[in-house]
Amino acid sequence: MTAHYFIATLKPIPEYHTSENNYPFLNGEAYKESLPFTLPYVYEIGGEDIEFITFLDSFMEIGDVVELYIFEEGRLGYPLSHNYPEESRTINLFKKTYKDQYSEYQLDSKKWKEELSTRTIASKRSVTTFVKY
């Protein structure tokens, strides 16, 4: 089994990629048809950790949206991931909130990145949406 972490964005990342902001990402267009994204630019990323959260916070501008999804492949490339929209998560990087199917949680304004990195962010069962507004 192979797990791939993908994000979809409203704007292309290469324009943002500089020596100061070098979070690893690859073009994910080859998987685009297999992913439940609604945004146009697809990239494969290294995973969901505090560096990823820091990258998103600096990359996203007010009004931006980024989608995150784990795509798992089994033998012979058969997908093991399924999209269940009712399990989706929404993370607001401006308001510092985390919302899942059960409730919405306010993150600590000073330690929000650390707190967010301990929660389940990505899933092979639903798309996580990051917003900044």
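**Close-up views of a predicted model**

**View 1. Helix α1 and its neighbours.** The buried residues of α1 pack against β1 (2-9), β3, β4, α2 and β8. Buried means under 20% relative accessible area, exposed means over 50%, and partly exposed is in between (1.4 Å probe, protein chains only). Helices (H or I, at least four residues) and strands (E, at least two) are DSSP runs, numbered from the N terminus. In α1, the buried residues are F52, I53, F55, L56, D57 and F59.

This is a predicted model, in which local features need pLDDT of at least 70 and side-chain atom pairs count only at pLDDT 80 or more, while totals for chains, interfaces and linings use all residues. Residues are numbered from 1 along each chain as its sequence is written, and side-chain values use heavy atoms, with hydrogens and water left out.

**View 2. The whole chain.** The protein chain has 2 helices and 8 strands. From the N terminus on, the order of elements is β-β-β-α-β-β-β-β-α-β. Of the 133 residues in the protein chain, 44% are buried. Contact means heavy atoms within 4.5 Å. Among contacts in the protein chain with a separation of 6 or more, 69% join residues 24 or more positions apart. The accessible surface of the protein chain comes to about 7500 Å². Carbon and sulfur atoms hold 50% of that surface. Accessible areas come from the Shrake-Rupley method with a 1.4 Å probe; for residues, only the protein chains shown count as cover.

**View 3. The largest nonpolar core.** A nonpolar core is a set of buried Ala, Val, Leu, Ile, Met, Phe, Trp, Tyr and Cys residues joined through side-chain atoms within 4.5 Å. The largest one has 23 residues. Of these, I7, L56, L68, L93, L116 and F130 touch the most other members. Two or more residues of this core come from each of β3 (41-45), α1 (50-59), β4 (65-73) and α2 (112-117). Helix α1 gives the largest share, 5 residues. In soluble globular proteins, nonpolar side chains tend to be buried together.

View 4. Not counting residues up to four places away in sequence, I7 touches I13, F37, Y41, V42, Y43, I45, F52, V66, E67 and L68. Another core, of 10 residues, lies apart from the largest one. Its members include L39, Y69, F71 and V127.

**View 5. Strand β8 and its partners.** Two strands pair if DSSP finds at least two bridges between them. Strand β5 (residues 89-92) and β8 pair in the parallel sense over 4 bridges. R89 stands opposite T128 in β8. Strands β4 and β8 pair in the antiparallel sense, also over 4 bridges. Here E67 stands opposite T129 in β8. Both faces of β8 are covered. T128 and F130 are buried on one side, T129 and V131 on the other.

View 6. Strand β5 is joined by 3 bridges to strand β6 (residues 97-99), and the two run antiparallel. The bridge partner of N92 in β6 is T97. K96 lies in the loop between β5 and β6. Phi of K96 is near 60°, a positive value in a residue other than glycine. K96 counts as buried because its relative accessible area is 17%.

**View 7. L107 in its loop.** L107 sits in the loop between β7 (104-106) and α2. L107 is buried, at 4% relative accessibility. Leaving aside neighbours within four places in sequence, L107 is in contact with K96, T97, Y98, W112, E115, L116 and R119. The C-alpha atoms of L107 and N92 are separated by 9.9 Å. Along the chain, L107 and N92 are 15 residues apart.

**View 8. S34 in its loop.** S34 lies in the loop between β2 (25-27) and β3. S34 is partly exposed, with a relative accessible area of 45%. The C-alpha atoms of S34 and F71 are separated by 8.5 Å, and the two residues are 37 residues apart along the chain.

**View 9. A nonpolar patch on the surface.** I62, F94 and Y133 form this patch, with about 370 Å² of accessible area together. Patches are made of residues with over 30% relative accessible area and no salt bridge: like charges are joined within 9 Å, nonpolar side chains (Val, Leu, Ile, Met, Phe, Trp, Tyr) within 5 Å. A salt bridge is a side-chain nitrogen of Lys or Arg within 4 Å of a carboxyl oxygen of Asp or Glu. Y133 is in the segment after β8 (128-131).
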